[in-house]
Amino acid sequence: MGDTVNLPIALDSDLGRALVADCARFSEGVLTEAAVKKRHHFDDATWEALGDNEALIEAIEAEKLRRIRDGAAKREKAQQLVVKAPDILSNIMTDPAQSARHRVDAIKTLDAFADSGPKDGPAAAEMFLIRIDLSGADGNPADVYERTVALTKPAGEPRPDAGSTPQKTIEAIPTKDDDDGEPV
């Protein structure tokens, strides 16, 4: 049959891209056939006809490859498994036949799952103050701007050791340059 099977929607439309993504997720086991059919309002005959469309199959294969490379497939499968973890941990925690150590580990893990995140902001050592004082020539402050900023590390950069002191470089920005580039 090949490309002679017509799709109910165009692949380059938003609905077409959603269909391709959902079919890729179905092939990965993240979505069920029933979920895809329901989401896109397909009957059994339309669903069967989709398998004969070469353009759709190629688009699904490309989407699967993209999802593997950017980690979306792994994340979604892991999320589905992690959702099952509280039930498994609950069974371990409430099973008197389990060792006390396993039960306590299950309790600690469930407690970590229930945690809503960090309770405090960044530590004071990870904060610094930026102050800009726009004093007039007479020394009277015209405007003073202050802001406390939390330090964050760029993604992928290792955090400095607790014993090391980070080196900070402050560079003056000249307000006016003469011809040779030196500040006036």
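Before we start, a quick sorting rule: Ala, Val, Leu, Ile, Met, Phe, Trp, Tyr, Cys and Pro count as nonpolar, Asp, Glu, Lys and Arg as charged, and the others, Gly among them, as polar. Keep in mind that this is a predicted model.

**Exercise 1.** Sort the lining of the second largest pocket by class, and find which helix supplies the largest share.

*Solution.* 
- Step 1: Get the list. The residues lining the second largest pocket are Cys 23, Phe 26, Ser 27, Trp 47, Glu 48, Leu 50, Gly 51, Leu 56, Ile 57, Ile 60, Glu 61 and Lys 64.
- Step 2: At least two lining residues come from each of α1 (14–27), α3 (44–50) and α4 (54–70).
- Step 3: Pick the top supplier. That's α4, with five residues, the largest share of the lining.

**Exercise 2.** Work out how α1 and α4 are arranged, and who makes the contact.

*Solution.* 
- Step 1: Look at the axes. Those of α1 and α4 come within 8 Å, crossing at roughly 70°.
- Step 2: Name the arrangement. Angles of 65 to 115 degrees count as roughly perpendicular, so α1 is roughly perpendicular to α4.
- Step 3: α1 and α4 make a right-handed crossing.
- Step 4: List the partners. From α1 you have Leu 19, Val 20, Ala 21, Cys 23, Ala 24, Arg 25 and Ser 27, and from α4 there are Leu 56, Ala 59, Ile 60, Glu 63, Lys 64 and Arg 67.
- Step 5: Sort again. The contact of α1 with α4 has eight nonpolar, one polar and four charged residues.

Conventions: Residues numbered from 1 in each chain as written. Predicted model: local features only at pLDDT ≥ 70, side-chain atom pairs only at ≥ 80, totals over all residues. Heavy atoms only, no water. 1 Å grid on protein atoms, 1.4 Å probe; cavity = no way out; pocket = protein on both sides within 12 Å on 5 of 7 lines; lining within 4 Å. Helix = DSSP H or I, 4+ residues; strand = E, 2+ residues; numbered from the N terminus. Axes fitted to C-alpha atoms, helices over the stretch in contact; angles between N-to-C directions. Parallel < 35°, antiparallel > 145°, perpendicular 65-115°, else oblique. Left-handed = near helix turned anticlockwise from the far one by under 90°. Contact = heavy atoms within 4.5 Å.
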